[in-house]
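Here's a quick briefing to read alongside the model. Have the backbone in view as you go.

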Amino acid sequence: MSETWLYPTVLLCIYGFFSSLRPSEPFLTAFLMGADKNLTEREVVNEIYPVWTYSYLILLFPVFLATDYLRYKPVLILQATSYIITYAMLLKAQGVLAMQLLEFFYGLATASEIAYYSYIYSVVEPSSYQKVTGFCRSVTLLGSAVGSLIGQILVSEAHVPLLTLSIITLSSSCLAFLAPWFLPMPSKSLFFHQREREPRDKTAQGLADQSEDYQGKVPLGVNEGTVMLKERRGGTGGLVGVLKTLGADFVKCYSCRTLLAWSAWWALSTCGYFQVINYSQALWEKNLSSKDFKIYNGYVETVSTLLGAFAAFSVGLVKVSWAVWGELALCIFSVVIAVSVYVMDTVRDIWVCYISYVIFRTAYMLLITIATYQIAANLSMKRYALVFGVNTFVALLLQTLLTVIVVDSAGLGLDIFPQFLIYGCYFAAIAVIFLIAGLYKVATRSSAAAAAGVQSGSAESETDPSDGETPSPKAGSVI
């Protein structure tokens, strides 16, 4: 049985590692604004980078449906092809329009990530989900960290031109392209291809039963659960059925207060995270130009990735009642994120900027891991994909609005420093929202506990001990 999960997991990890190994990534802005592409800061920040946000948003839902309908493997191949096109254009193409087209293909590649993270669930047993998920996610972080480190060493120690980093990234993408072709084709998928009605995932149900806050659970009974669709030859009927099922699941999932709270933070913070990550290199370039000074973007990306991975791993070792303190924890760490972004913007020192960026990424990856666990613990595997997809879509929708208003030359087209001031205020607003939610939740629980104590005391006083027997203690009374 070990071979059933080992073979596809190894291939998927090989693909994830080489597709994430991008030495050119930490130096992309410097490359575009350097002698090779000769683009201005305004062209890069206000005209080129926003295209990724728009294309990602537009393509996310169609790719989500296509991924399930085509059973993952073709979309993985499409993603690998998109990466090759992206980095080939980065090498050869010139001009704003060509770079905008490049961003479109990169948006297609990132929208196709759903295939990478969901493929494995269709070819392994539920008992192996946690293990293979850990492998697949860890190897992408490792590939990203190794790529950033290689890029920095080559730039600062070997003094290679930035164009060489793009060649290495393209070569890595070509290696990654080979792996998906050897993956086994799944016989089923989460929504479209189900040969028979299948029982509820017992592992996910068991996690839900162990949730700390029972009131926050999404009902997952077999009678109320998502109905698995029988495999159909006609695409139209299957699509309509899937959309109806998704709509019903959407209403049921987001009627849960706890899941809604974590999902709200997920969408709001991921929107701001994408903005900071996308434009941080432009901020660094403004603080310390790569044309005049040696830059260390690769080391910063490596350290922040590894610390973020360590923070995500440490979540499982910390015992906290997230059902009680979740909102206040989100508030506190959102303040940390807001302060780090504000410091990046106002303190015009590159080292302070680097350190603030590391703190920012570490805090975000810590919280997003907690949010992921809290959401997944209350969902079946099918609803897991739906909720995470919806949360990402809402994050991209908010990011698109923010980009159109703040970044895009069609909107305000602000300089990079006012942009980051707005991002800092944005995270501060998130902190305020969850402070209010956390205080309300604590006050509500305290009131409920006090009311329960009064009722318990009243019930005890009504017991008549005159017959000489000692009354037994009641539930909820202080012993």
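Arg-71 comes after α3 and has a positive phi, near 65 degrees. Bear in mind that this is a predicted model, where local features need pLDDT of at least 70, side-chain atom pairs count only at pLDDT 80 or more, and totals for chains, interfaces and linings use all residues. Residues are numbered from 1 along each chain as its sequence is written, and side-chain values use heavy atoms, with hydrogens and water left out.

**Helix α3**
- Residues 41–69 form α3, 29 residues in all.
- From first C-alpha to last, α3 reaches 41 Å, close to the 42 Å expected at 1.5 Å a residue (that is, 1.5 Å times one less than the number of residues).
- There's a kink of about 40 degrees at Leu-60, shortly before Pro-62; the bend is the angle between axes fitted to the seven residues ending there and the seven starting there.

**The whole chain**
- The protein chain has 16 helices and zero strands, counted as DSSP runs (helices H or I, at least four residues; strands E, at least two) numbered from the N terminus.
- Of its 479 residues, 52% are buried, meaning under 20% relative accessible area with a 1.4 Å probe, protein chains only.

**Cysteines**
- The disulfide count comes to zero, taking a disulfide as a pair of cysteine sulfur atoms within 2.5 Å.
- The sulfur of Cys-13 has its closest cysteine sulfur in Cys-136, but at 4.5 Å that's too far for a bond.
- Cys-13 is buried at 15% relative accessible area, and Cys-271 counts as buried at 1%.

How values were computed: Buried < 20%, exposed > 50% of the residue type's maximum accessible area, 1.4 Å probe, protein only.
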